[in-house]
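Please examine the structure shown below together with its sequence. The report that follows describes its helices, its loops and the surroundings of its ligand.

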Amino acid sequence: MEHKELKDIRKRIDEIDKKILELVAERNRLAKNVAEIKVKNNIPIDDKEREKYIYERIKNLCNHYNIDPNFGLKLFKLLIEHNKELQRKYIETLKK
Ligand SMILES: O=C(O)C(=O)C[C@]1(C(=O)O)C=C[C@@H](O)C=C1
């Protein structure tokens, strides 16, 4: 027995998941651009000041959108750590 309302909600969830991944891919792609600028100008990959700013902003946005800030911070920590990993890997390919 299929439940029409559940099916419809799941369809909306699937669409949202796709949108989230499109945005993650867009954020990830920027890692290359950032890495290029950093290599050229001898700037370290890690920028703790910038991260502090991002986490503070995420916390405020979470409160605004009624999202648990701990969830938001965990999510963005993952995204930022992944971005740094992509930058490191990209810089390695430039050296070869
Ligand atoms: O803004 C930068 O300098 C980035 O490299 C991007 C980014 C991020 O993922 O937002 C990643 C690493 C830095 O420590 C800070 C921020």
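The model is predicted. Helix H1 covers residues 4-40, and helix H2 covers residues 48-64. Helix H3 runs over residues 69-95.

How far does H1 reach from its first C-alpha to its last? The 37 residues of H1 reach 56 Å, which is close to the 54 Å expected at 1.5 Å a residue. For H2, the 17 residues should span 24 Å at 1.5 Å a residue, and the C-alpha atoms at its ends are 24 Å apart, so the two values agree.

Arg57 lies in H2 and counts as exposed, because it has 11 C-beta neighbours inside 10 Å and the limit for an exposed residue is 12 or fewer. Leu61 is likewise found in H2. Leu61 has 13 other C-beta atoms within 10 Å, and is therefore partly exposed.

**The packing of H2 and H3**

Two packed helices are described by the angle between their axes and the distance between the axes. The axes of H2 and H3 come within 9 Å and cross at roughly 145 degrees. This crossing of H2 and H3 is right-handed. On the side of H2, the contact is made by Glu51, Ile54, Tyr55, Ile58, Lys59, Cys62 and Asn63. On the side of H3, Pro69, Gly72, Leu73, Phe76 and Ile80 take part. By class, the contact has eight nonpolar, two polar and two charged residues.

An α-helix has 3.6 residues a turn, so residues three or four places apart point the same way. The contact residues of H2 include Glu51, Ile54, Ile58 and Cys62.

| Pair | Residues apart in sequence | C-alpha to C-alpha distance |
|---|---|---|
| Arg57 and Leu73 | 16 residues | 9.9 Å |
| Leu61 and Gly72 | 11 residues | 8.9 Å |
| Ile43 and Ile54 | 11 residues | 19 Å |

**The loops**

Most residues other than glycine have a negative phi, and most peptide bonds are trans. Which residue after H1 has a positive phi? H1 is followed by Asn42, with a phi near 55 degrees. Asn42 is not a glycine, although its phi is positive. Asn42 is placed in the loop between H1 and H2, and it counts as exposed because it has 6 C-beta neighbours inside 10 Å.

After H2 comes Asn66, whose phi is positive and near 60 degrees. Asn66 is not a glycine either, and its place is in the loop between H2 and H3. Is Asn66 buried or exposed? Asn66 is exposed, because 6 other C-beta atoms lie within 10 Å.

The loop between H1 and H2 also holds Ile43. Ile43 has 12 C-beta neighbours inside 10 Å, and it therefore counts as exposed, since the limit is 12 or fewer.

**The surroundings of the ligand**

Which residues lie around the ligand? They are Val34, Asp46, Asp47, Arg50, Glu51, Ile54, Ile80, Asn83 and Lys84. Helices H2 and H3 are the elements that give two or more residues to this shell. By class, the shell divides into three nonpolar, one polar and five charged residues.

Note on methods. Residues are numbered from 1 along each chain as its sequence is written. This is a predicted model: local features need pLDDT of at least 70, side-chain atom pairs count only at pLDDT 80 or more; totals for chains, interfaces and linings use all residues. A residue is near a molecule or strand if its C-beta atom, placed from the backbone, lies within 6 Å of it. Helices (H or I, at least four residues) and strands (E, at least two) are DSSP runs, numbered from the N terminus. Ala, Val, Leu, Ile, Met, Phe, Trp, Tyr, Cys and Pro count as nonpolar, Asp, Glu, Lys and Arg as charged, and the others, Gly among them, as polar. A residue is buried if 20 or more other C-beta atoms lie within 10 Å of its own, exposed if 12 or fewer, and partly exposed in between; C-beta atoms are placed from the backbone. The expected span of a helix is 1.5 Å times one less than its number of residues. Axes are lines fitted to C-alpha atoms, for helices over the stretch in contact, and angles run from 0 to 180 degrees between N-to-C directions. A crossing is left-handed if the near helix is turned anticlockwise from the far one by less than a right angle, and right-handed if clockwise. Two residues are in contact if their C-beta atoms, placed from the backbone, lie within 7 Å.
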